[in-house]
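Dear colleague,

I am passing on to you the structure we talked about, and I would be glad if you kept it open while you read the notes that follow it.

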Amino acid sequence: MFTTLFLILIAILVWLFFAYNKLRSLAENVKQKQSNIYATIKKRHDIAQRLSDIASNYGDHEKLTHLTITESDSIAKANIAVSEASHLIGNVQMLANRFPDLKANSTYQQLMVQLDKIENTILERREAYNAAVQIYNSLRGSIPHLFYATKLGFVEATYFEMDENGMDQLVSFNTDDGKILRDTMGRMASVATENIKKIKNKKNDNADIDSPDNQ
């Protein structure tokens with residue numbers, strides 16, 4: 001009896017180990033793809049800052065403050081920065097049409113080339129992120145992972161989309177699997193230890209009853 005229970009417990013733990021590692025690997029892939037998008041958008045924001053500095057010599061312009069957009073607790077603030085950067089870039093382009101010298105400025109032209117490449121990179125990385133989200137959410141929502149994924153801290157990931165104005169909307173994805181797993185494994189170990197003690201005590205009691213001294 002004891003051997004059977006022990007083998008069943010080992011089998012369950014081994015299965016959970018591989019299932020957990022699979023989910024964690026896919027979740028980390030989503031986080032990596034998310035980080036890549038944030039890094040690229042930060043570069044886009046920096047280019048907007050530099051375009052603002054160049055345009056300041058040609059007319060009215062809007063200054064952007066430097067915002068950190070890679071922290072999960074500043075997503076709302078980062079989305080505002082994305083919108084401001086897009087607005088500023090549009091204004092600088094209109095200003096360049098009014099001032100041929102600005103449009104012919106070599107630094108301006110270089111920045112616009114970089115901006116075009118960054119826009120393409122954002123699109124590629126957004127598609128890669130959404131693909132990673134699809135794979136992760138599909139596994140997370142499949143049976144049997146559906147029954148324990150949320151309890152282990154693997155929340156559903158949100159797709160990277162654009163708002164009604166065509167602006168990129170940054171999203172936050174964080175998992176709390178580490179702490180929850182440690183707590184869960186700790187409880188399981190305590191229960192297993194307690195059951196093993198009960199089985200041993202029961203066997204010892206039965207042995208004492210069957211002992212010749214008690215007959």
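**Around H145**

In this predicted model, H145 touches A19, L23, L139 and R140, if residues up to four places away in sequence are left out of the count. H145 itself sits in the loop that runs between α4 (106–140) and β1 (161–162). With a relative accessible area of 12%, which is under the 20% limit, H145 is classed as buried. The side chain of H145 also makes a polar contact, at 2.5 Å, with the side chain of Y148.

**The salt bridges**

In general, side chains of opposite charge can pair when their charged atoms come close.

Because E28 and K31 are 3 residues apart in helix α1, about one helical turn separates them. E28 has a relative accessibility of 34% and therefore counts as partly exposed.

Another salt bridge is formed by D46 and K42, whose closest N and O atoms are 2.9 Å apart. D46 and K42 are 4 residues apart in helix α1, so they too are separated by about one helical turn. Both residues are partly exposed, D46 with a relative accessible area of 27% and K42 at 25% relative accessibility.

There is also a salt bridge between R44 and E119, in which the closest N and O atoms are 2.7 Å apart. Since R44 lies in helix α1 and E119 in helix α4, this pair ties together parts that are 75 residues apart in sequence. Is R44 buried or exposed? At 9% relative accessibility R44 counts as buried, whereas E119, with a relative accessible area of 31%, is partly exposed.

Finally, please look at F6, L7, I10, V14, F17 and F18, which make a nonpolar surface patch of about 590 Å². Among these residues, V14 has its place in helix α1, which covers residues 2–55. V14 is partly exposed, with a relative accessible area of 40%.

How values were computed. Residues are numbered from 1 along each chain as its sequence is written. This is a predicted model: local features need pLDDT of at least 70, side-chain atom pairs count only at pLDDT 80 or more; totals for chains, interfaces and linings use all residues. Side-chain values use heavy atoms; hydrogens and water are left out. Helices (H or I, at least four residues) and strands (E, at least two) are DSSP runs, numbered from the N terminus. Buried means under 20% relative accessible area, exposed over 50%, partly exposed in between (1.4 Å probe, protein chains only). A polar contact is a pair of N or O atoms within 3.5 Å; within protein, one must be able to donate a hydrogen and the other to accept it, and residues adjacent in sequence count only if both atoms are side-chain atoms. Contact means heavy atoms within 4.5 Å. Patches are made of residues with over 30% relative accessible area and no salt bridge: like charges are joined within 9 Å, nonpolar side chains (Val, Leu, Ile, Met, Phe, Trp, Tyr) within 5 Å. Accessible areas come from the Shrake-Rupley method with a 1.4 Å probe; for residues, only the protein chains shown count as cover. A salt bridge is a side-chain nitrogen of Lys or Arg within 4 Å of a carboxyl oxygen of Asp or Glu.
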